[in-house]
Amino acid sequence: MTEAVPRSAARTALGRAMAVPTPLVFVGSVAVAAVLLWRQGALASLGDVARQAEPREIATTLVLYVVGLALLAARWFALVRMAGGTASLAASADVFLTSVVVNYAAPIGLAVPTRTAFTVRDLGLPLARSGAVVGWEAVLDVASLAAISGLWLLLGGTAVVAGVPEQARLVAAATIGLVLVGAAAVALAAWRSSTARERLRALGTGFVRHPGERPGWAAASAGLTVVYWALQLVIMARLLASFGAVGVSLVTVLGLMGLPVLVGMLSPVPGGAGVREAMMVAAAQIGGVDGAVALLAAVVYRTALFVALPILYLVVRAWRRHESANPSRGEHA
């Protein structure tokens, strides 16, 4: 009896949290993320950025960023279908865009289960299948960033790394090591729990099985991932050029968008804030790009997300309202 009250209270709290409408979650998460950016000084740098950059270049970059988010929303839809879901593209995009903001506003330990929970609630997928969607999204991104880092090494990154001072290499190795140790510790703690272990087994079974069951959607997810990260390389190259970095090589852009983004993604800091930017500046300086230019590009790259997100979100919400008004084209057609 003594344990019933805490469990009931926890379930009640979770039920109330999951009853919050998605638009309210989106707006609240954007506000939290904006505060985080402000405290990091990112928002204060935007005035300087606006004065240094060509407005047309920034507008073009923003359009490309919106296109990139649309690609990711389409990938989420493809992953949901790969996992056996029947939700519409508009519904999937709605959940995805909200989950992106949550991911940037909360530590990874909170963001991942929240994204899974919203997929269960709003898209009607069972927990194991929703977990597979979130897991495959992470696998595709990590694999892409690892491939970008590997390409960077093949095209000249090894020579760059050899020229880095030993102390800097030790710091980078220690950072990556801490991320891996932390991930291993979390996995071990989860495995020791019999309940968590059963859930992980169910998740792992579906995780492996879904791509083979629906190979077309799996291939679409992989293809959209490749196009998205190729577009991100183009965006970063354009940003660097717009801030005065002339003739930036492909190797340098790969260096900025590979390991720094990967480590930032895996770090416990919300959205990898600070971690990613610091590594981007270091990678740019190694590649011969001015650190201040790289920092401006990194700041704009992050803050552009919070300009592009509401634009696409408003379109998606209008789309969902249209779907609701036309049941024959509904979410589970």
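Tutor: Start with a length check. The expected span of a helix is 1.5 Å times one less than its number of residues. At 1.5 Å a residue, the 28 residues of α10 should span 40 Å, and its end C-alpha atoms are 41 Å apart, which agrees. Helices here (H or I, at least four residues) and strands (E, at least two) are DSSP runs, numbered from the N terminus.

Student: What should I know about the model itself?

Tutor: This is a predicted model: local features need pLDDT of at least 70, side-chain atom pairs count only at pLDDT 80 or more, and totals for chains, interfaces and linings use all residues. Residues are numbered from 1 along each chain as its sequence is written, and side-chain values use heavy atoms, with hydrogens and water left out.

Student: How many helices and strands does the protein chain have?

Tutor: The protein chain has 14 helices and zero strands. Buried means under 20% relative accessible area, exposed over 50%, and partly exposed in between (1.4 Å probe, protein chains only). Of the 333 residues of the chain, 42% count as buried. Contact means heavy atoms within 4.5 Å. Among contacts with a separation of 6 or more, 75% are between residues 24 or more positions apart.

Student: What span does α4 reach, and what is expected?

Tutor: Helix α4 covers residues 55–82. Its 28 residues reach 40 Å from first C-alpha to last, close to the 40 Å expected.

Student: Which residues with positive phi follow α4 and α10?

Tutor: Glycine 84 follows α4, with a positive phi near 95°. Glycine 244 follows α10, with a positive phi near 105°.

Student: How do I describe two packed helices?

Tutor: Two packed helices are described by the angle between their axes and the distance between the axes. Axes are lines fitted to C-alpha atoms, for helices over the stretch in contact, and angles run from 0 to 180 degrees between N-to-C directions. Under 35 degrees counts as roughly parallel, over 145 as roughly antiparallel, 65 to 115 as roughly perpendicular, and the rest as oblique. Take α4 and α10. They pack at about 165°, with axes 9 Å apart. That makes α4 roughly antiparallel to α10.

Student: What is the handedness of the crossing of α4 and α10?

Tutor: A crossing is left-handed if the near helix is turned anticlockwise from the far one by less than a right angle, and right-handed if clockwise. The crossing of α4 and α10 is left-handed. For residue classes, Ala, Val, Leu, Ile, Met, Phe, Trp, Tyr, Cys and Pro count as nonpolar, Asp, Glu, Lys and Arg as charged, and the others, Gly among them, as polar. The contact of α4 with α10 has 19 nonpolar, seven polar and four charged residues.

Student: At what angle do α4 and α14 pack?

Tutor: The angle between α4 and helix α14 (residues 291–325) is about 65°, with the axes 9 Å apart. That makes α4 roughly perpendicular to α14. The crossing of α4 past α14 is right-handed. From α4 come Leu62, Tyr65, Val66, Leu69 and Ala70; they meet Tyr301, Ala304, Leu305, Val307, Ala308, Leu309, Ile311 and Leu312 in α14. By class, that contact has 13 nonpolar, no polar and no charged residues.

Student: At what angle do α10 and α11 cross?

Tutor: Helix α10 (residues 215–242) and helix α11 (residues 250–257) cross at roughly 110°, their axes coming within 10 Å. That makes α10 roughly perpendicular to α11. The contact is made by Trp229, Gln232, Leu233, Met236, Ala237 and Leu240 of α10 with Val253, Leu254, Leu256 and Met257 of α11. The crossing of α10 past α11 is right-handed.

Student: Why is α11 described as largely enclosed?

Tutor: Seven of the eight residues of α11 are buried, so the rest of the structure largely encloses this helix. One of its buried residues is Thr252. Threonine 252 has 8% relative accessibility. Beyond four places in sequence, threonine 252 is in contact with Gly287 and Val289.

Student: Is threonine 225 buried or exposed?

Tutor: Threonine 225 is buried, at 1% relative accessibility. This residue is found in α10. Leaving aside neighbours within four places in sequence, threonine 225 is in contact with Arg75, Leu140, Asp141 and Ser144.
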